[in-house]
Structure formats: structure tokens, C-alpha cells
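Have a look at the chain first, and then we can walk through it together.

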Amino acid sequence: MIEIKDINKKFGKLEVLKKVTLSCKKGQCIALIGPNGCGKTTLIKSVLGMVLPDNGAIEFNGKSVLGEYIYRENIGYMPQIGRYPDNMTIGQIIDMIKKIRNSNHELDEDLLKAFELEKMFDKQMRTLSGGTTQKVSAVLAFLFNPDVLILDEPTAGLDPLASEILKEKIIKEKQKGKLILITSHLLSELDDLITELIFMQDGEVHFHKRVEDLKAETNEDRISKAIASILKSKKSK
């Protein structure tokens, strides 16, 4: 579904992505993890067409995304920090996005109802807590029933109940065969969600493994411990 082939990206003298090659397919729920500054956000923005790699290629369903924009209609994106016009209400934001997209697809309003946001439609965005703003971002990411979901720190700022609602929704969409990419620093949140894991460091992909294989190799039953085990073994070599 998404093929990334030898992409590089520099900002000035800083090399942010170094020959990154990845293959992401339908039905996978992939965690993209690594320390701050490792290149995760730049990689995601490259897939979304918000950053142009210096070289290499990105393909969506077998076609280059270079100079294209229609493919983005098949992607639901939830940013880590959603930014919206302060003076607009929740209802106005959602209506505006619906009009912009003008989609013929049946809308997915599961999260809208589960978060009970309709009761808050008249609240202005500037009055919202960070967690409620996250809920709006989540609703918009899933609303148009996309084939691909890219979720950047999706549970950050959410209360425990909202976090569980979102995780259950992610699992439901994974079971439908969608491709889901998640960045997260909360590795404990990922155990029930992901099927694959990509670890980046210093702009490079250190490994892309199935979770089952990762746990088997390290003899650990939790993702966080398995990753720690691999990183310790790398340092000792």
C-alpha cells in the first residue's frame, strides 16, 4: 500500500532522513518509534506530501505521490497537536471539513458519538482543553472512513476513558484490514494494538519487525521490554 524507497532529507546541513526504505501493507498496525529528533515526524510528513524528500521515492498503491494530492483522500491524519481557528466552534470545524472534503463516502461517526462531542458543538476551540482538542482531531481522522490512518501520539492528553475508546476504535479499524501507522512514546499503550514495529534513530530505520518475532527473539512478553533488550544488545556490541 505504501512503499518508501531510499528517501533522504536534509534541512540545511542536518540530515534528518538517511536512505529510509519501508513497506507498509493493508491490515498492518505499525508503531513508528524512536527518540525525539530521530526523523519520525519528517517521515510522516513526507508520506502526507507536506515535506518533499531530496531523493528516493514514495508510492501509494503502486503510484508515485510526487506532485499528487488525490491519494491523501485515502489517509486520515491525526496530528499530535491539532491547531484550529480559535473563534470557530467544534460544530463549525466539523461542518467546514465535511464541506471541504465533499465526500460521497458514508461518514464514520463512531468517535463523535462515543466522545459525546455533539453536546459540545457550540463550544469555541479556544475554550477547549488539550484533551478535548485531541478528541476533535481523532473524530476528523476517522470521519471519512479512510483506507490508511496515521496517528501521531494519539492518546497524548486523553483521559483514561477516552484513551480506551480510541484504542478500541483503532483495533476495530485494524480488523477491517486498514493500514494504521502510530507514533507513540507510551509503549505500554501499544501492546494490544500493533502487529509491526519500526524503530528509528538518527534518521535511519534500525529495524522493522513483526511484534511476534520481536518478542520471540528477545524472550520478552511486552513490547517495551523487547525493545530495551534489543537496544542493550546493540550497545554491548
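Where is the place of glutamate 116? Glutamate 116 sits in the loop between helix 3 (110–114) and helix 4. Helices are DSSP runs of H or I with at least four residues, strands are E runs of at least two, and both are numbered from the N terminus.

A word on the ground rules: this is a predicted model, in which local features need pLDDT of at least 70 and side-chain atom pairs count only at pLDDT 80 or more, while totals for chains, interfaces and linings use all residues. Residues are numbered from 1 along each chain as its sequence is written, and side-chain values use heavy atoms, with hydrogens and water left out.

Most residues other than glycine have a negative phi. Glutamate 116 has a positive value, and so does aspartate 202, which lies in the loop between strand 9 (196–201) and strand 10 (204–210). For accessibility, buried means under 20% relative accessible area, exposed over 50%, and partly exposed in between (1.4 Å probe, protein chains only).

| Residue | Phi | Relative accessibility |
|---|---|---|
| Glutamate 116 | near 55 degrees | 44%, partly exposed |
| Aspartate 202 | near 50 degrees | 52%, exposed |

**A helix pair**

Helix 2 (residues 90–101) and helix 4 (residues 130–143) have axes that come within 11 Å and cross at roughly 20 degrees. Axes here are lines fitted to C-alpha atoms, for helices over the stretch in contact, and angles run from 0 to 180 degrees between N-to-C directions. The two helices are therefore roughly parallel to each other (angles under 35 degrees count as such). On the helix 2 side, the contact (heavy atoms within 4.5 Å) is made by Ile90, Ile93, Ile94, Ile97 and Lys98, and on the helix 4 side by Thr132, Val136, Val139, Leu140 and Leu143.

Isoleucine 90, in helix 2, counts as buried because its relative accessibility is 0%. Methionine 125 is 35 residues from isoleucine 90 in sequence, yet 6.3 Å away in space, C-alpha to C-alpha.

**The whole chain**

The protein chain has 7 helices and 10 strands, and its C-alpha trace spans about 60 × 40 × 35 Å along its principal axes. Buried residues make up 47% of the 237 residues.

Conventions: Parallel < 35°, antiparallel > 145°, perpendicular 65-115°, else oblique.
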